[in-house]
Amino acid sequence: MSTTFQLDTSTSRANPTPKPMKRLTVPKIRAHKANGETGEPLVMLTAYTARQAQLLDAHCDILLVGDSLAQVIYGLPTTIPVTLDMMANHAAAVVRGSFHSVVVVDMPFGSYEQSPQQAFESATYLLKQSGAAAVKLEGGEQMAETVAFLNQRGIPVMGHVGLTPQAVNVLGGYAARGRSDAEAKKIVGDARALDDAGVFAIVLEGVLEPIAIEATGAVSCPTIGIGASAQCDGQVLVTEDMLGMFDRVPRFVKKYEDIAAVIEKTVAQYAEEVRARSFPTPDQTYQPKG
């Protein structure tokens, strides 16, 4: 029986136990859109740790180990400093913590743009080190040759067009894309080029809704929106954003909960009990026997 490893929280948080694996596959994600139509939209969220993956896995089709971990985990101002090792380590944790979702890992800035050969070396490293099923890279038509090169060598690729955070220094910020006719045309053209090159899905980030709808209709593979349109074939958000872990989030984020407030309240209660010596109680301490 094929298995993956889950963390058994009833014994030790670090004790892995086998659990049956029936994981979705890249071809199943690709086939989710047939004849230009998608029934039930795909659900994707970011994940960076094994425990987070455990909690998200049953509800998602895809877990994205995003280079957004730069800001979310490491407190960096952009995704630019992210390394291959950072991505590989977090992706491996997410793979260990999941058994249902397809795990996709972002290729960090500078690891794939130079040439298809560089991209192949980086992608094989990520997949070997982590066990993830696919990689994601940013860029449109200029990356089509690289996408085809990877596909032909057994590496599934998810595309990403529109607002591409790795290009923040060129774009000059994180504003929505597609406001000019030329930019709108380029976004749709980029999506078509990636589709023709063989991506199994395309993230459309931060684009005007009519452009997202047009791009979705222009490609045969599923599109996954983030700040795009409900008419995309799926949706993705940064998990910490939608859980309310941060005060400032992009406009396109819906906060489904205020987890930050729950954590702050809980920690405040803990601190109060420690200072009052009311924690730990006999229930949390070990006493001599007999």
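Buried means under 20% relative accessible area, exposed means over 50%, and partly exposed lies in between (1.4 Å probe, protein chains only). The model on screen is predicted, so local features need pLDDT of at least 70 and side-chain atom pairs count only at pLDDT 80 or more, while totals for chains, interfaces and linings use all residues. Residues are numbered from 1 along each chain as its sequence is written, and side-chain values use heavy atoms, with hydrogens and water left out.

**Stop 1**

Select cysteine 221, which is buried because its relative accessibility is 0%. Then select cysteine 232, also buried, at 4%. How many disulfides does a search of the whole structure find? The search finds 0, where a disulfide is a pair of cysteine sulfur atoms within 2.5 Å.

**Stop 2: glutamate 205**

Next, select Glu205. An unreviewed UniProt entry annotates Glu205 as "active site"; UniProt positions are given in the numbering used here, feature names are shortened, and annotations may be inferred rather than shown by experiment. Glu205 is found in strand S10, residues 201–205. Helices (H or I, at least four residues) and strands (E, at least two) are DSSP runs, numbered from the N terminus.

Is Glu205 buried or exposed? Glu205 is buried, because its relative accessible area is 11%. Show what surrounds Glu205, taking contact to mean heavy atoms within 4.5 Å. Leaving aside neighbours within four places in sequence, the residues in contact with Glu205 include His160, Pro165, Ile226 and Phe252. Between the side chains of Glu205 and His160 there is a polar contact of 2.9 Å. A polar contact is a pair of N or O atoms within 3.5 Å; within protein, one must be able to donate a hydrogen and the other to accept it, and residues adjacent in sequence count only if both atoms are side-chain atoms.

**Stop 3: the nonpolar core**

Now select Val105, Val135, Met158, Ile202 and Leu204. These residues have the most contacts inside the largest nonpolar core, which has 75 residues. A nonpolar core is a set of buried Ala, Val, Leu, Ile, Met, Phe, Trp, Tyr and Cys residues joined through side-chain atoms within 4.5 Å. Helix H8 gives the largest share of this core, 7 residues. Keep Leu204 selected: beyond four places in sequence, its contacts include Val161, Ala212, Ile224 and Cys232.

**Stop 4**

Select helix H6, residues 144–152. Its buried residues are Ala144, Thr146, Val147, Ala148, Phe149 and Leu150. Against which elements do the buried residues of H6 pack? They pack against helix H5 (116–130), strand S9 (157–162) and helix H8 (181–197). Glycine 154 follows H6 and has a positive phi, near 85 degrees.

The whole structure holds 2 aromatic pairs. Rings of Phe, Tyr and Trp (its six-membered ring) pair if their centres lie within 6.5 Å; planes under 30 degrees apart count as stacked, over 60 as edge-to-face and the rest as tilted. One of the pairs is Phe120 with Phe149, edge-to-face, at 6.4 Å centre to centre and 85 degrees between the planes. Phe120 lies in H5 and Phe149 in H6, so the pair ties together parts that are 29 residues apart in sequence. Phe120 is partly exposed at 28% relative accessibility, whereas Phe149 is buried at 16%.

Move to Tyr270 and Phe279, whose ring centres are 5.8 Å apart with planes at 65 degrees, so this pair is edge-to-face. Tyr270 is partly exposed, with a relative accessible area of 48%, and Phe279 is partly exposed at 31%.

**Stop 5: an annotated binding site**

Select Asp67, Ser68, Asp106 and Lys136, which an unreviewed UniProt entry lists under "binding site". They are spread over 70 residues of sequence but cluster in space, with a largest C-alpha distance of 12.5 Å.

Ser68 sits in the loop between strand S6 (62–65) and helix H3 (69–72). Ser68 is buried at 16% relative accessible area. Asp106 belongs to strand S7, residues 102–106, and is buried because its relative accessibility is 3%. Beyond four places in sequence, Asp106 is in contact with residues including Asp67 and Lys136.

**Stop 6: leucine 237**

Last, select Leu237 in strand S12, residues 234–237. Leu237 counts as buried, at 15% relative accessibility. Valine 43 is 194 residues away along the chain, yet the C-alpha atoms of Leu237 and valine 43 are separated by 9.4 Å. Beyond four places in sequence, Leu237 touches Met44, Leu45 and Thr46, among others.
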